[in-house]
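Dear colleague,

I am passing on to you the structure below, which you have not worked with before. Please look through it first, and then read my notes on what was found in it.

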Amino acid sequence: MLFPTLTFGLFFLVTFAVVWAAPSNEWRKLLLLVASWYFYGAWDWRFVPLLILSALGNWAVGRALASERTHVKKSILLAGVALNLAVLAFFKYFDFFVDQLAGTLTLLGFERDIPMLQVILPIGISFFTFQGISYVVDVYRGRVPAARLLDILLLMSFFPHLVAGPIVRAADLVPQFQAKPKLDRSMVSMALLLIVWGLFKKAVVASTLAVDFVDPVFADATSHSAIDLVIAAYGYAVQIYCDFSAYSDMAIGLAALFGYRFPRNFNQPYRARSLQDFWRRWHISLSQWLRDYLYIEALGGNRGGELKTYRNLMLTMLLGGLWHGANWTFVIWGGIHGGALAIERWWGEHKTARKPLSDRARLILTFHVVVLAWIFFRAPSFGDAMTYLGGIVMPWRATWAVTATPLVIALIGLGLAMHAAPQRWLSDGAIRLQRMPAWQVAAVVLVLMLTIDAMRFEGVAPFIYYRF
């Protein structure tokens, strides 16, 4: 089920009514859990047992960590992390690594016909496995107590964040599950605005840019001019921001309507003045996860001197790239970010005799490094990405015709303008809604949603991050 569809709207309304009519908090959580499994099963019922077993495994590891003696806890933790990674590796990377092995053997003169399993990728598997890893590590470190089974099942299955985040940690969400949720007018007002705002960004801006321009250009770069290629690169930067931040906004709003608070996941990332600043603003829950559990916990962070710090930054971003998908383009995307982060750190530690760049120059430079990396992120293959870049730097090899329409240019400008809008406007709008009678709020939201429906492209494509 896609958020911006009538099917999901009906599902949500029924779930909302049933959950808030529940006689107790335990029944409320149980009903939410069943609804979340139904939501996930609407994609493919075969993977609902995988989701349940993953949650059961992490619950069991958490219980064991809470009850066992110190000298065996590390072994239990490693087993729990390995279990999560094994599930992720099999479903997401098995065929990729088999294909790479076959190619390597062929290069060495040992060509073999290695069977491919054609493993189907369960939607959202990257998110709920990372959720499980963070839980068992936090229990091991004493950051959170081992939670009850129902709370862990709901933590990993709660439908607003199940398939594309945010990655909400147990320390933030389990205590909310344990307390009786409350819903006040301020939460409802902000939730409704976030949902409508997300619908607009996804259905009008992101989907239109994708279908009308970005997808055709990336599908056949050699048939488009250098100007089209540059515009499409900027267009994809706007598309992926509007697409993913829209999902996060809607997830936060939907969770709020059930009385739960999710952390913010985007904070105007294209206003960053460094790559480090960008990762404090983009997909915040993932960047914090990579920082806390991979960069610091597993690799040692900036302990051990400069070279190890640069190595750890690069490894973190390479693995973060691979997390996005079994394709070398994602690894290269992560490598660009890792290399830029290492260069930034080196520059910051050795710039004593250099004139610092202005804030505007740093913003422009950071934005264009991000856009360059997005080309690899979006391209189907490494060869396609190089062809795309070749069309920009060697424009004489392709047509000089420009196919970008005024609508496309306007949507790119609108997306960047919305991104840079003052952050207080949503809260100001929520305050105005809060002061209105309920019927007026309903009327305003209905008019906005009908307007969005009239403006949007016919049909709604899945969110980009659904495939991760």
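The structure, which is a predicted model, holds 59 aromatic pairs. Aromatic rings also meet charged side chains: Lys 92 lies over the face of Trp 323, at 5.3 Å from the ring centre, and the charged end of Lys 202 is placed over the ring of Phe 463, 4.9 Å from the centre of that ring.

If residues up to four places away in sequence are not counted, Trp 374 touches Tyr 236, Ala 237, Ile 240, Tyr 270, Phe 278, Trp 282 and Trp 333.

Asp 138 belongs to helix H5 (residues 125-141), and because its relative accessible area is 3%, under the 20% limit, it counts as buried. Leaving aside neighbours within four places in sequence, the residues in contact with Asp 138 are Arg 143, Val 144, Arg 169 and Tyr 293.

Finally, there is helix H14 (residues 328-349), whose 22 residues should span 32 Å at 1.5 Å a residue, and this agrees with the 31 Å between its end C-alpha atoms. The N-terminal end of H14 is capped by Asn 327, which has a side-chain oxygen 3.1 Å from the backbone nitrogen of Thr 329.

Key:
Residues are numbered from 1 along each chain as its sequence is written. This is a predicted model: local features need pLDDT of at least 70, side-chain atom pairs count only at pLDDT 80 or more; totals for chains, interfaces and linings use all residues. Side-chain values use heavy atoms; hydrogens and water are left out. Helices (H or I, at least four residues) and strands (E, at least two) are DSSP runs, numbered from the N terminus. The expected span of a helix is 1.5 Å times one less than its number of residues. A polar contact is a pair of N or O atoms within 3.5 Å; within protein, one must be able to donate a hydrogen and the other to accept it, and residues adjacent in sequence count only if both atoms are side-chain atoms. Buried means under 20% relative accessible area, exposed over 50%, partly exposed in between (1.4 Å probe, protein chains only). Contact means heavy atoms within 4.5 Å. Rings of Phe, Tyr and Trp (its six-membered ring) pair if their centres lie within 6.5 Å; planes under 30 degrees apart count as stacked, over 60 as edge-to-face and the rest as tilted. A charge sits over a ring if NZ of Lys or CZ of Arg is within 6 Å of the ring centre and within 35 degrees of the ring normal.
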